[in-house]
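The sequence and structure are shown first.

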Amino acid sequence: METATMNSVVPTAKDKSTNFGAVVAIRGSVVDVRFDKALPPIHSKLTMGDNQQIVIEVLEQRDDKHVRCIALTPTQGLTRGMLVKDTGGPLLAPVGKGIMARMFDVFGNAIDREGDLHDVEWRSVHNAPPSLTQRSTQAEIFETGIKVIDVLVPLERGGKAGLFGGAGVGKTVLLTEMIHNMVGKHKGVSIFCGIGERCREGEELYREMKQAGVLPNMVMVFGQMNEPPGSRFRVGQVALTMAEYFRDDEHRDVLLLVDNIFRFIQAGSEVSGLMGQMPSRLGYQPTMGTELAGLEERIANTENGAITSIQAVYVPADDFTDPAAVHTFSHLSASIVLSRQRASEGLFPAIDPLQSNSKMATPGIVGERHYQLAQQVRSTLAQYSELKDIIAMLGLEQLSPEDRNVVGRARRLERFLTQPFFTTEQFTGHKGKLVSLADALDGCERILKDEFKDFPESALYMIGAIDEAKQKAASSLKTKKQNGQKTTDSTSSDSIETPALETLKSEVTDDTNNDAS
C-alpha cells in the first residue's frame, strides 16, 4: 500500500501548486491518504472523484506521510491509489443576507430548489467560542408565549435549554411552535438545525414554515439520517457558523433550534468507533465531553447580540442517567422534561413540571411574585402527585376536605397549563394561542385562590388566558341546557352550587330564553 500509484486523472499545469495525495486504505467511512509533498492540517477538507464529488475531512495525522480521514459523503466508487486533492482549508459554510429563507446541507449547498445563492461569503465552520471578556453578564428572560414554560421553566436570553424526552412525546412540535411564536415576539432570526433528521420531517417543516409566512426570517440546515456519520457530526457547526454571523456581524438576536443534539453525540460515537478509539461507558466515545463542549460553548450572549438555543434531546429508553443525557444537562440553563404519561393523558405540551427546572427561576431574576407563584404551583402539583396512590386505592372520597381542595386545584392547574398550538391546528381543530407571561401568572394565581373551584375541569383545558374558561363553561352549559341534560358540575369536589356557578347558569338561562324568543 505504501507504493500505491495515482491511477486517477493526472494533475494539469494549473494544479501544480495544489497538494495531491493518494488513497492507501478504505474501511467504510474511514479513508487513509498518503501525501508526499506536505501533510494537510487537522480539519482540512479533501476531495476526490471525477467531479471532486467525494469529500473527506482529516481527523488524524498518522505519521509524516499519512492522514486518516472521515468521509462526509458516501464512499462508493473509491479505490486505492485514487488521486486526492487538498483544498487547502477546512469545511466552509455560507453566511450573509442571501442565506435567509433557504435550506442547506452540510456543505452549504441549497437543497430547496430555489436557485443559486447570491450575496454570500464563505467561512470556516471550526471557530473558537467567544472569550469571557466578550460575554454579557446580564441575565434576561426569553419569553416564549407558552404558559408552562414561561411560568415554571423560564428560559434565558442567550442561554441553552434542553427538551428531554423519548420518541413521540412532542419534542419537534414544541420546537416548531417556538419558531412560530418567536417571529411575532422577537425581531430576530430563527435557525433550525436538523441533526440526523428524517427527510420527511424536514420537508414537512419547510412547507409548514412557508405556509405560515415565517420562512423569510429563517434559515434551515439539515444533515439527514441516511447520511454518513461525518456529515451528521459537522452539521451543527455549520448552523452555528451562520448563527454567529447574524450575532456578530449584523448584531441581531438568534434563536437556534437543534433537533436532535443526541444525534450529534451518536454521530461522534460512530466516528470514534470507525477511527478505532477505545469506547467509554455504554459504548460512547471517550471524547464526548470535549466534543459536546466545543459545540455548546459557541452558543453565548455577547455585547453584539445573543444566540438563544433550544435543543431537543432524545433520551435512550427514557433513562436520564444515560451519559448522553448527563453530559448535555451540564451545559443547560433550563431543562424541559417531556413526560410520556402526561402525553398519554392528553396534557399537551407534555412537560413534567416537577422534573423540569431552570436556573433563571430565582427572585432576583424573575421577581418575587413570579417566584412565589411558581413555587406554589410546584408545591400543589407535588402534593397531588403524592396523593395519587391513595386516590387509586381508596378513592377521592377518603381524602380530607383540605386534601380534596389540593387535588381540585392541582387538576385545574394541570389543565390550565395545557395550550393549543398554531402548528397543530389542522390536527386538533383548536385555534393556536400565544399567552403573555402576565396572563399566565394571573391565571395560576386565580386558580390557587380557588376562584375556579366550581368550574368544570374541562373548561380550563386547551385555553389561552384564564378568562376564556368562563366563556368555555358558559358555552358548555348552554349546549347542555339546549339538549335537556343535567347542568350540575360532576367534576367539582362537592355538589354544592356556589354563587359563581349559579350566576353563570342564570346568564346561560337568560341567553337560552332570548334565543328561543
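The model is predicted: local features require pLDDT of at least 70 and side-chain atom pairs count only at pLDDT 80 or more, whereas totals for chains, interfaces and linings use all residues. Numbering runs from 1 along each chain as its sequence is written, and side-chain values rest on heavy atoms, with hydrogens and water left out.

**Helix packing**

Helices (H or I, at least four residues) and strands (E, at least two) are DSSP runs numbered from the N terminus. Axes are lines fitted to C-alpha atoms, for helices over the stretch in contact, with angles from 0 to 180 degrees between N-to-C directions.

| Helix pair | Crossing angle | Axis separation |
|---|---|---|
| α10 (368-394) and α13 (437-448) | roughly 50° | within 10 Å |
| α11 (401-416) and α13 | about 160° | 9 Å |
| α5 and α6 (288-296) | about 135° | 10 Å |

With α10 and α13 crossing at roughly 50°, α10 is oblique to α13. Angles under 35 degrees count as roughly parallel, over 145 as roughly antiparallel, 65 to 115 as roughly perpendicular and the rest as oblique. The crossing of α10 past α13 is left-handed; this term applies if the near helix is turned anticlockwise from the far one by less than a right angle, and right-handed if clockwise. Arg-369, His-370, Leu-373, Gln-376, Val-377 and Thr-380 of α10 meet Leu-437, Leu-441, Asp-442, Cys-444, Glu-445 and Leu-448 of α13, contact meaning heavy atoms within 4.5 Å. This contact of α10 with α13 comprises six nonpolar, three polar and three charged residues. Here Ala, Val, Leu, Ile, Met, Phe, Trp, Tyr, Cys and Pro count as nonpolar, Asp, Glu, Lys and Arg as charged, and the others, Gly among them, as polar.

α11 and α13 pack at about 160°, which makes α11 roughly antiparallel to α13. α11 passes α13 in a right-handed crossing. Arg-409, Arg-412, Leu-413 and Phe-416 of α11 form the contact with Asp-439, Ala-440, Gly-443, Cys-444, Ile-447 and Leu-448 of α13. By class, six nonpolar, one polar and three charged residues take part in the contact of α11 with α13.

α5 and α6 are oblique to each other, and α5 passes α6 in a right-handed crossing. Their contact joins Ile-261, Phe-264, Ile-265 and Gly-268 of α5 to Met-288, Glu-291, Leu-292, Leu-295 and Glu-296 of α6.

**The largest pocket**

The largest pocket has a volume of about 800 Å³. Its lining has 38 residues, with Gly-170, Lys-171, Thr-172, Val-173 and Leu-174 nearest the centre. α2 (171-185), β13 (189-197), α3 (199-212) and α12 (425-428) are the elements that give two or more residues to this lining; α3 gives the most, with six. A pocket is an open set of points on a 1 Å grid over the protein atoms alone, where a 1.4 Å probe fits, with protein on both sides within 12 Å along at least five of seven lines; lining residues have an atom within 4 Å of a point. Grid points are joined across faces, edges and corners, and a volume is the space filled by probe spheres set on the points.

**Backbone geometry**

Most residues other than glycine have a negative phi, and most peptide bonds are trans. A cis peptide bond joins Asp-259 and Asn-260, with omega about 25°; Asn-260 is in the loop between β15 (254-259) and α5 (261-274). The bond from Phe-348 to Pro-349 is also cis, with omega near -5°. Asp-119 has a positive phi, near 60°, and is found in the loop between β8 (103-104) and β9 (121-124).
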